[in-house]
Amino acid sequence: MKIIVPMAGRGSRLRPHSLTVPKPLIPVAGKPIVHRLVEDIVGVLDEEIDEIAFILGDPAFFGDDVIKALEELAKSLGAKPTIYRQLDPKGTGHAIMCAKESLSGPAVIAYADTLIRANFNLDKDADAVIWTKKVENPEAYGVVNLNQKNEIIELVEKPEEYVSDQAVIGIYYFKDVAQLKNELQFVLDNNIINGGEYQINDGIKRMMAAGKIFKTGTVDEWMDCGNKEVTVETNKRMLGFLSAANSPLISENIRNENSKIIEPCFIGENVTLKNSTVGPYASIGAGTVVEDSTIKNSIIQTHATIKNATLNNAMIGNYATFDGKFTNVSIGDYSELKQ
């Protein structure tokens, strides 16, 4: 089994944080989004993973440090890491085809801006599985249309009339991903463009037209990391899941001076807390100093300095300095905000 992870986009909706750090590497509950996603998929599949292929963008943004972290992730899961580049962002279908040398045999394709919680058996009798989540407002999503056999017969983007309440979340299984590759090659060769880009859906639709059987794999939880607001909410939900599973979240070598920790929280290595209250639902990255502050429901990345602050629903970047009375804030790496 292979896992294919397109992650070439820079994530404009999560700026300023994604200006210096690729969005899939921004931490949620102390671990990069893409790390959590890949680990969760491996756990759901419960199969040996032979290869994990990552499709990256501009080397100036997705540099050697990113490659090293992704290679270590793949190796930790017993898989061979493979790195591809999408230097010209032309859509989801184009991104996948940048990894065409790895597009053979059974594979999962997963876009690295979402997290899941799931527990199901993959239907391997199907030619492909599209993972979905039941939503209350399907008109806001791309959804699947099912026949009486619960087979997917159509993909409908933001339907004006009710089709189903099963939204596509951007994770797919293909019994032989070479079939998708062949159809996407046709899409590229014939310049089939939707929304100005080459889309994976056009390859999938061609597979359906050829009689391939698509089923759904429904996840219990679907957590978006598309922008600052939903990323903070995802951090909150993930901390709740990890706490319920008794996962270790607070490092043993933090320095606590007259401070209160309200769990669940993630607190990384060598964090210093002085005269502060942290939590609930706060993630504090390694090497950060928090002084005379109250922080809850927020993500603070590594080596930041937070003083005299009351933070709620906030994101603070790596090596940032924040000193003040602001609350709902979002500042990126190496920024300074002082009063």
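Biologist: What makes S6 and strand S11 a pair, and in which sense do they run?

Modeller: This is a predicted model. Two strands pair if there are at least two bridges between them. Four bridges join S6 to S11 (residues 166-174), so the two count as paired. They run antiparallel.

Biologist: Which residue in S11 is the bridge partner of Ala110?

Modeller: Ile171 is the partner of Ala110 there.

Biologist: How do you know that S1 and S6 pair, and in what sense?

Modeller: Count the bridges again. Strand S1 (residues 2-6) and S6 share three bridges. The cut-off is at least two, so this is a pair as well. Its sense is parallel. In it, Ile4 stands opposite Ile109 of S6.

Biologist: Which way do the residues of S6 point?

Modeller: Ala107 and Ile109 point one way, while Val108 and Ala110 point the other way. All of these are buried. In a regular strand, side chains alternate between the two faces of the sheet.

Biologist: Why is Thr114 called buried?

Modeller: Thr114 sits in strand S7 (residues 114-117). Its relative accessible area is 2%. Buried means under 20%, so Thr114 is buried.

Biologist: What makes the link from Thr114 to the side chain of Trp222 a polar contact?

Modeller: The side chains of Thr114 and Trp222 come to 2.6 Å. The limit for such N or O pairs is 3.5 Å. The Thr114 side chain also reaches the backbone oxygen of Met223, at 3.3 Å. Beyond its neighbours within four places in sequence, Thr114 touches residues including Ile33, Leu37 and Ile169.

Biologist: Why is Cys98 called partly exposed?

Modeller: Its relative accessibility is 22%.

Biologist: Which residues of helix H5 are buried, and what covers them?

Modeller: In H5 (residues 200-209), the buried residues include Ile200, Asp202, Gly203 and Ile204. Met207 and Met208 are buried too. Their cover includes helix H3 (92-97), helix H4 (177-189), strand S12 (214-218) and S11. Just after H5, Gly211 takes a positive phi of about 95°.

Notes
Residues numbered from 1 in each chain as written. Predicted model: local features only at pLDDT ≥ 70, side-chain atom pairs only at ≥ 80, totals over all residues. Heavy atoms only, no water. Buried < 20%, exposed > 50% of the residue type's maximum accessible area, 1.4 Å probe, protein only. Contact = heavy atoms within 4.5 Å. Polar contact = N/O pair within 3.5 Å; in protein donor to acceptor, adjacent residues only side chain to side chain.
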